Amino acid sequence: MDITVNILLTIATAATPLLLAAIGELVVERSGVLNLGVEGMMIMGAVGGFGAGYLTGSPWIGLLAAIALGAVFSLLFAVMTLSLATNQVATGLSLTLLGLGLSGMMGTSFVGQPGARLPNLDIPGLTAIPVIGRLLFGQDPIFYISIALTAAVMWFLFKTRTGLTLRSIGDSHTSAHALGIQVIRYRYLAVIFGGACAGLAGGHLSLVYTPQWVENMTAGRGWIALALVVFASWRPWRVLAGAYIFGAVWIGQLHAQAFGIPVPSQLLSSLPYLATIVVLVLISRNKRLTMMNTPASLGQPFVPDR
Amino acid sequence: MKKLLIALMTAAAALSLAATAEAQEKLKACWVYTGPIGDFGYSYQHDQGRLDVEKALGDKVETAYLENVSEGPDADRAFERLAREGCKIIFGTSFGFMDPEVKVAKKFPDVMFEHATGYKTAENLGIYNARFYEGRYILGQIAARQSKSGVAGYIVSFPIPEVVMGINSFMLGAQSVKPDFKAKIVWVNSWFDPGKEADAAKALFDQGADIIVQHTDSTAPLQVAEERGLQGFGQSSDMIKFAPKAQLTSIVDDWGPYYIGRVKAALDGTWKPGNVWLGIKDGAVKMAPYTNMPDDVKAMAEATEKKIVDGWNPFTGPIAKQDGTPWLKDGEVADDATLLGMNFYVKGVDDKLPQ
């Protein structure tokens with residue numbers, strides 16, 4: 001039983017940064033903006049989170065710094081693409097490159113230093129309950145944030161008026177503009193929200209997952225998050241499912257290897273990617289629904305007439 | 001105004017001329033790393049070697065490096081760029097740079113190339129390597145003594161000879177202490193991904209391993225060991241800060257002396273492509289202090305280290321291959337060529353080698 005609980009906990013840790021980054025990007029894309037800079041914002045969050053935690057000794061301050069740095073970094077993207085109407089794909093890619101380089105430079109003095117780890121939740125009486133205690137009440141704080149955030153985004157997008165407005169901007173920014181909606185303002189807020197989420201995901205890496213700073217420590221997780229959003233056809237609960245399927249198959253294949261299952265390790269390593277794509281394609285088979293969910297003006301620059 | 005401009009331009013031209021003249025006197029030595037220099041592991045140690053060169057040779061040299069160069073077509077470009085930028089001696093530090101380096105070396109016959117951990121040479125391409133397997137034998141012995149469950153978890157990157165050799169040496173060391181010792185092997189298909197390495201360590205511990213060994217470059221697996229109150233070994237650099245209670249020892253790469261020697265030779269004009277394989281006795285492979293173990297285990301490790309310094313090779317027969325067929329006869333020592341191309345397991349390894 002203990003091993004099952006351990007495996008589930010490991011899966012949650014592996015899925016959390018993907019879920020956070022993807023849910024943030026989902027909101028951004030729902031507003032019609034494609035930000036390919038997730039990896040860059042994530043690594044900025046990772047270096048900021050580690051740095052602040054290391055310098056102040058408090059991982060909580062690190063957590064806030066991670067969110068702040070991700071948000072500030074995304075602002076750069078917002079100014080470029082929204083106010084100056086640059087190409088979103090190119091700007092997003094350069095944001096990733098800039099983030100990877102800049103974080104490496106900022107982090108030079110943190111290399112080889114052990115950092116502070118965010119403590120796991122520990123509620124007397126509840127955490128000690130066998131099996132479900134540790135799963136429900138004994139994980140790291142960011143895990144709870146990620147689940148709550150997914151629920152909040154679902155509610156916001158589909159149950160609030162502001163959410164509806166945001167989605168309508170994503171579908172047709174010209175119509176929204178004609179109705180007097182502040183397209184650019186909404187998009188600014190969405191992009192900053194996405195940046196904060198990616199920053200938090202990075203903070204999870206450097207404060208919980210592997211409490212240390214190393215260059216490139218995101219190792220492509222930002223790209224996986226981006227892919228998850230598309231394969232989940234812009235639905236929050238599917239992003240959640242996708243992140244956890246990816247985590248589960250990833251951890252599962254490591255266990256399969258350790259167990260000595262005679263399958264080539266290269267095949268096992270590619271399984272998480274394959275499995276996630278197959279499952280998400282299957283659940284979004286309904287073509288009409290997928291079309292409906294795709295933000296129609298995704299990636300198109302918006303320059304209002306003056 | 002015009003006069004001022006001309007004066008300025010002349011001054012600038014004179015300055016840049018002076019700068020080139022100075023640069024020409026200096027020898028430019030360059031490095032290519034597959035990981036970031038901030039990995040605190042393999043690439044970090046190579047870069048420490050580069051800094052040693054700067055320290056030792058001062059203003060006679062100028063150094064440059066490219067990090068995060070992936071092992072593929074990208075590597076071609078990296079080497080070519082450095083050669084074009086005036087690097088006179090270029091060190092490629094990863095196995096996967098072998099073919100790109102051979103290719104680029106052919107194009108630039110006046111540039112001296114050095115490649116680590118490979119086996120192809122050319123007229124202007126030398127190879128160098130460190131006998132990490134010597135250290136891994138010692139790790140195996142310590143693991144077998146320290147483990148209560150009799151199972152070690154072994155995290156590995158890619159099935160190349162270097163890594164296979166390490167697994168074999170580790171197992172031979174472990175079996176010399178406890179013949180039925182087992183190692184569970186997990187391939188993560190990456191040299192450097194702290195998250196994946198941590199996940200692999202967790203999976204191995206969950207399946208009953210209580211000692212972790214790695215042939216990947218980050219400190220993450222040791223941190224997991226520390227969190228769980230179990231033990232493990234560092235990789236490439238002394239990682240004791242990350243795991244003060246968990247690290248038993250670490251194989252530390254010290255490339256400094258070799259790099260200083262080679263760059264000096266390049267400066268003197270005595271450089272020739274070499275083929276060296278440096279071990280513990282040359283100081284290129286060092287063992288971090290033996291910690292968190294009883295004195296008798298430490299004594300055993302030190303005795304083995306001394307035996308290796310005195311010339312003993314861990315790959316000394318009798319050794320059988322994984323399927324039981326004999327490989328080395330009693331007292332027979334494996335030759336370097338076989339080791340460098342090693343693509344089979346020795347007896348007792350519980351894994352199927354990915355081909």
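Of the 355 residues of chain B, 49% count as buried, where buried means 20 or more other C-beta atoms within 10 Å of the residue's own, exposed means 12 or fewer, partly exposed is in between, and C-beta atoms are placed from the backbone. This is a predicted model, so local features need pLDDT of at least 70 and side-chain atom pairs count only at pLDDT 80 or more, while totals for chains, interfaces and linings use all residues. Residues are numbered from 1 along each chain as its sequence is written, and chains are lettered from A and ligands numbered from 1 in the order in which they are written.

**Chain B overall**

- Chain B has 11 helices and 14 strands; these are DSSP runs numbered from the N terminus, with helices (H or I) of at least four residues and strands (E) of at least two.
- Along the principal axes, the C-alpha atoms of chain B fill a box of roughly 85 × 45 × 35 Å.
- Take the contacts in chain B with a separation of 6 or more: 64% of them are between residues 24 or more positions apart, a contact being two C-beta atoms, placed from the backbone, within 7 Å.

**The two domains of chain B**

- Chain B splits into domain 1 (24-131 + 255-282) and domain 2 (132-252 + 287-340), with bounds from an automatic or database domain assignment.
- The C-alpha centres of domain 1 and domain 2 of chain B are 28 Å apart.
- Their contact takes 17 residues from domain 1 of chain B and 19 residues from domain 2 of chain B.
- On the domain 1 side of that contact in chain B, the largest share is 3 residues, from helix H2 (residues 42-57) of chain B.
- That domain 1 side in chain B divides into 8 nonpolar, 6 polar and 3 charged residues; Ala, Val, Leu, Ile, Met, Phe, Trp, Tyr, Cys and Pro count as nonpolar, Asp, Glu, Lys and Arg as charged, and the others, Gly among them, as polar.

**Where chain A meets chain B**

- The contact draws 34 residues from chain A and 31 residues from chain B.
- On the chain A side, the elements giving two or more residues are H1, helix H9 (183-209), helix H11 (236-259) and helix H12 (265-283) of chain A.
- H11(A) supplies the largest share of that side, 7 residues.
- By class, the chain A side has 18 nonpolar, 15 polar and 1 charged residues.

- Helix H1 (residues 2-30) of chain A has 29 residues and should span 42 Å at 1.5 Å a residue; its end C-alpha atoms are 41 Å apart, which agrees. The expected span is 1.5 Å times one less than the number of residues.
- H1(A) has a kink of about 35 degrees at Ala15(A), shortly before the proline Pro17(A); the bend is the angle between axes fitted to the seven residues ending there and the seven starting there.
- In H1(A), 22 of the 29 residues are buried, so the helix is largely enclosed by the rest of the structure.
- After H1(A) comes Gly32(A), with a positive phi near 95 degrees.
- H10(A) is mostly covered, with 8 of its 11 residues buried, including Arg221(A), Ile224(A) and Phe231(A).
- The buried residues of H10(A) pack against H1, helix H2 (38-56), H9, H11 and H12 of chain A.

**Residues to look up**

- Trp234(A) isn't a glycine, yet its phi is positive, near 60 degrees; Trp234(A) sits in the loop between helix H10 (221-231) and H11 of chain A.
- Trp234(A) is buried, with 24 other C-beta atoms within 10 Å.
- Ser236(B), also not a glycine, has a positive phi of about 70 degrees and lies in strand S9 (residues 231-236) of chain B.
- Ser236(B) counts as buried because it has 25 C-beta neighbours inside 10 Å.
- Asp210(B) is in the loop between helix H7 (194-206) and strand S8 (211-215) of chain B, and its 21 C-beta neighbours inside 10 Å make it buried.
- Leaving out residues up to four places away in sequence, Asp210(B) touches Ser147(B), Lys148(B), Ser149(B), Val151(B) and Leu230(B).
- Gly317(B) and Pro318(B) are joined by a cis peptide bond, with omega about 5 degrees.
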